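Please read the following report with the sequence and the 3D view side by side. Each section takes up one part of the chain.

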Amino acid sequence: PTPDFAGIPKFTLEYLKQKLEAGHVFNEKGKLQLSKTVDTVWQNNMFALFDGMSAILATKGLKLFVLYGTLLGAYRNSNFIGHDHDFDAGYISNHTDPDKVVAEVVEIAEALSRHGYRVACKLSCIWVTDPKTNVTIDIFHTYFDETGKLLLPFGVCGVKPFMKSDFRGHVDIDLASRKVAAVADTEALVEYIYGPHWKTPNPGHNWNLDRTEKFPQGYARPYHRWKIYWTDYYCHNPKALPPSSFEG
């Protein structure tokens, strides 16, 4: 527990013991939370959000699938990683040119905002929140470049690239007694993201230290992030004054 300014812990040792026995864990950010493997309320809200976004992306010819830590937990143990703090998903863009890839991100974000979701844009993903349940899913954009290599702007920890020749569509895999979409050659993608030792849980995993490659050419630029922010703002603030003539 975090001590207060007087050096006295906020919680007693007995309280902490009760929480741990009840299924709580310290997440990767150091906060005490109910393990994602048993937090069924969180799971159900996440699956509802994932399904809703999947339907919207499908109208644009895009398949939403689990990615990063959510993919790792699903493929390795058919469950969430207990100490994870979020739900990761992604899609493969229809484009190979990074400028068109990011322009597509803007289109997706605008569609999600208009469907009632809250959207915030980061460099390599968008955060999508269901305001009814206050749960958030990270959607990472990925794309094959002109050489056929799959680029994940957030980065990877592996050294063996996932190539277009490896891609055989999508399959359903188990996640917390549910079925979710994943890339068909799942193991090849997991190894590309986490390296050859992905089968062994690594509580000390640190993206800043373990990342072997990232792809900034696929980052959202300030203009894209600004566009997404204001579209989301006006979608959720209908009484706000309309954009000025300087907008755009």
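## Overall make-up

The protein contains seven helices and 10 strands, where helices (H or I, at least four residues) and strands (E, at least two) are DSSP runs, numbered from the N terminus. The model is a predicted one, in which local features need pLDDT of at least 70 and side-chain atom pairs count only at pLDDT 80 or more, while totals for chains, interfaces and linings use all residues. Residues are numbered from 1 along each chain as its sequence is written, and side-chain values use heavy atoms, with hydrogens and water left out.

Of the 248 residues, 43% count as buried; here buried means under 20% relative accessible area, exposed means over 50%, and partly exposed lies in between (1.4 Å probe, protein chains only). The accessible surface comes to about 13500 Å², and carbon and sulfur atoms account for 54% of that surface; such areas come from the Shrake-Rupley method with a 1.4 Å probe, and for residues only the protein chains shown count as cover. Among contacts (heavy atoms within 4.5 Å) between residues at least 6 apart in sequence, 61% join residues at least 24 apart.

Strand E9, residues 170-175, pairs with strand E10, residues 178-183, in the antiparallel sense over six bridges; two strands are said to pair if DSSP finds at least two bridges between them. Leucine 175 stands opposite arginine 178 of E10. The two strands form a hairpin with two residues between them, and in this turn alanine 176 has a positive phi of about 50°.

Strands E5 and E6 also form a hairpin, with three residues between them, and four bridges join these antiparallel strands. Valine 119 stands opposite valine 128 in E6. Strand E5, residues 118-121, has a covered face made of Val119 and Cys121, whereas Arg118 and Ala120 belong to its uncovered face.

## Cysteines without a bond

How many disulfides does a search of the whole structure find? The search finds zero, with a disulfide taken as a pair of cysteine sulfur atoms within 2.5 Å. For cysteine 121, the closest cysteine sulfur is that of cysteine 125, and the distance of 7.8 Å is too far for a bond.

## Two helices side by side

Helix H4 (residues 98-114) and helix H7 (residues 222-236) pack at an angle of about 10°, with their axes 9 Å apart. The axes are lines fitted to C-alpha atoms, for helices over the stretch in contact, and angles run from 0 to 180 degrees between N-to-C directions. H4 and H7 are therefore roughly parallel to each other, a label that applies to angles under 35 degrees, while those over 145 count as roughly antiparallel, 65 to 115 as roughly perpendicular and the rest as oblique. Residues that make the contact include Val102, Val105 and Glu110 of H4, together with Ile228, Thr231 and Cys235 of H7.

Threonine 231 belongs to helix H7 and counts as buried, at 12% relative accessibility. When residues up to four places away in sequence are not counted, threonine 231 touches Glu110 and Arg114.

## An enclosed helix and what follows

Seven of the 10 residues of H3 are buried, so this helix is largely enclosed by the rest of the structure. The buried residues are Tyr68, Gly69, Thr70, Leu71, Leu72, Gly73 and Ala74. Serine 78 follows H3 and is found in the loop between this helix (68-77) and strand E4 (87-92). Phi of serine 78 is near 60°, a positive value in a residue other than glycine, and with 36% relative accessibility serine 78 counts as partly exposed.

## Exposed loop residues

Asparagine 134, in the loop between strand E6 (125-130) and strand E7 (135-144), likewise has a positive phi, near 65°. Is asparagine 134 buried or exposed? Its relative accessible area is 62%, so asparagine 134 is exposed.

Histidine 197 lies in the loop between helix H5 (186-194) and helix H6 (207-210), and it is exposed, with a relative accessible area of 65%. Histidine 197 and glycine 158 are 39 residues apart in sequence, and their C-alpha atoms are 9.2 Å apart in space.
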